Amino acid sequence: MAKHDHFERRHSSTVSRRTFVAAAAGAGAMALGPRGARADAQVAAPPSTITSPPRDFGPNGPPNVYFTDADVLTIDPSFDGLRQPNAPIQRLWTGALWSEGPAWNAQGRYLVWSDIPNNRQLRWLEDDGRVSVFRAPSNNSNGNTFDFQGRQISCEHLTRRVSRYELDGTVTIIADNYNGKHLNSPNDVVPHPDGSIWFTDPPYGSQLYEGTVDAVGGPGNPGHINPRIGQPGGFTPFKRELPTNCYRWDPSGKLDIVVTEDQIPDPNGICFSPDYKKLYVISTGKGPGDTGPGGQGNIYVFDVGADNKLSNQKLYTDCVVDGIKCGPDGMRSDVDGNMWVSSNAGRNVGYSGVTVWNPAGKLIGRVRIPEVVGNLCFGGPKRNRLFMAGSQSLYALYTGTQGAAPG
């Protein structure tokens, strides 16, 4: 048996013969003798992303009758306390083109996330599971979060800015330029208790599918693509003017670079530790018009000083699992400082989903789903439910821990 099946082995003595026979028969795993007596019983392997035919995660698929979900894997025993053994992975909804930026609104008990190519934000209601269009157009929004006052903050590809949706219904532009030069395409964002907003600014929005290309002559437009097609009248395309930095917006309105492109090229996901003493940043692959080295698919960690200055940059993890690059995109921390990281493993079946790393950067667990995961967050009334934005779908899994911080 695989290492992650030790829970079943440990608890097999508590399963009654009646329960065992019913489960085995339902799975087609019971061999019966000529008189119907049990002959040589075997428990079938649970359905999984790696089985053929593959598992159906949707509401019409067969129920998960195994005590532990076959696609929630314990790599290190410390992960056992972070998972909910009898909770299945559920696909809550499908129908997006590229899902990103899930964020949980605790007061409203809903999840909001971005469907970037469809230029909309979607909302999943916790009370009845209904999904509706929350905001359209969304300016091809990507990352979302909620600050400590419950206000939604969104990173917008099309308008190359970070916006805050106020409680009175107005919209505040948090940042759209640095020293008079337009931002690239803000990607992911995280709030700080001091009121500041920290965000990454790679160039991924400079493409037709997730925003629009640069104005003619910009590094993201070779000169034959018209960025105004499909946009409202009066739309003004921009040229890429800045390196791919990470920024801190202060409530006073000041915008500072906290991580340079030289430190982390093409920064993507961003997350604080629960005590806000460490900042994690994901470096992903090259974006449109990149002439530099591009990202490496790694996660780096910095110490955060009392003056909000970062120091002591270290490689947190290269996200390589079993020799396979589980390309990171977004991440969230639980209350113990473990990092839950989205995984894009390409065509390596069984490695896309979520990887979980302890504060020392050691892999302790994995969640396998049949789609690439762009980002994730914790939510639910107890903040113990992991929501995963698959490429076209929304998945959820109850855990044995809670997510840290709002959003």
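L397 is buried, with a relative accessible area of 4%; buried means under 20% relative accessible area, exposed over 50%, and partly exposed in between, with a 1.4 Å probe and protein chains only. L397 belongs to strand β29. Helices (H or I, at least four residues) and strands (E, at least two) are DSSP runs, numbered from the N terminus.

Leaving aside neighbours within four places in sequence, L397 is in contact with V72, A87, P88, I89, V367, N384, R385, L386 and M388. Contact means heavy atoms within 4.5 Å. L397 and V72 are 325 residues apart along the chain, and their C-alpha atoms are separated by 9.3 Å.

## The model and the chain

This is a predicted model, in which local features need pLDDT of at least 70 and side-chain atom pairs count only at pLDDT 80 or more, while totals for chains, interfaces and linings use all residues. Residues are numbered from 1 along each chain as its sequence is written, and side-chain values use heavy atoms, with hydrogens and water left out.

The chain has 2 helices and 29 strands. Of its 407 residues, 55% are buried. Among contacts with a separation of 6 or more, 48% are between residues 24 or more positions apart. The chain exposes about 17600 Å², and carbon and sulfur atoms supply 51% of this area. Accessible areas come from the Shrake-Rupley method with a 1.4 Å probe; for residues, only the protein chains shown count as cover.

## Nonpolar cores

The largest nonpolar core has 19 residues, and those with the most contacts inside it are I89, W340, V354 and M388. A nonpolar core is a set of buried Ala, Val, Leu, Ile, Met, Phe, Trp, Tyr and Cys residues joined through side-chain atoms within 4.5 Å. At least two residues of this core come from each of β25 (353–357), β26 (363–368), β27 (373–379), β28 (385–390) and β29 (393–398). The strand that gives the most is β27, with 3 residues. Apart from this core lies another, of 17 residues, among them Y280, C319, A345 and Y351.

I89 also touches residues from separate parts of the sequence. Not counting residues up to four places away, its contacts are R55, F57, D69, D71, V72, V367, R368, I369, M388, Y395, A396 and L397.

## Cavities

How many cavities of 30 Å³ or more does the structure hold? There are 2. On a 1 Å grid over the protein atoms alone, a cavity is a set of points where a 1.4 Å probe fits but cannot get out, and a pocket is an open set with protein on both sides within 12 Å along at least five of seven lines; lining residues have an atom within 4 Å of a point. Grid points are joined across faces, edges and corners, and a volume is the space filled by probe spheres set on the points.

The largest cavity has a volume of about 140 Å³. Its lining has 16 residues, of which V190, C271, R332, A404 and A405 lie nearest the centre. Two or more lining residues come from each of β13 (189–191), β17 (267–272) and β23 (331–333). By class, this lining divides into 12 nonpolar, 3 polar and 1 charged. Ala, Val, Leu, Ile, Met, Phe, Trp, Tyr, Cys and Pro count as nonpolar, Asp, Glu, Lys and Arg as charged, and the others, Gly among them, as polar.

The second largest cavity holds about 50 Å³ of space.

## Backbone features in loops

A cis peptide bond, with omega of about 0 degrees, joins S52 and P53. P53 lies in the loop between α2 (17–26) and β1 (72–74). Another cis peptide bond joins A136 and P137, also with omega of about 0 degrees. P137 is in the loop between β6 (131–135) and β7 (141–146).

The loop between β6 and β7 also contains N139 and N140. N139 is not a glycine, yet has a positive phi of about 60 degrees. N140, likewise not a glycine, has a positive phi of about 50 degrees. N139 counts as buried because its relative accessibility is 18%, and N140 counts as buried at 6%.
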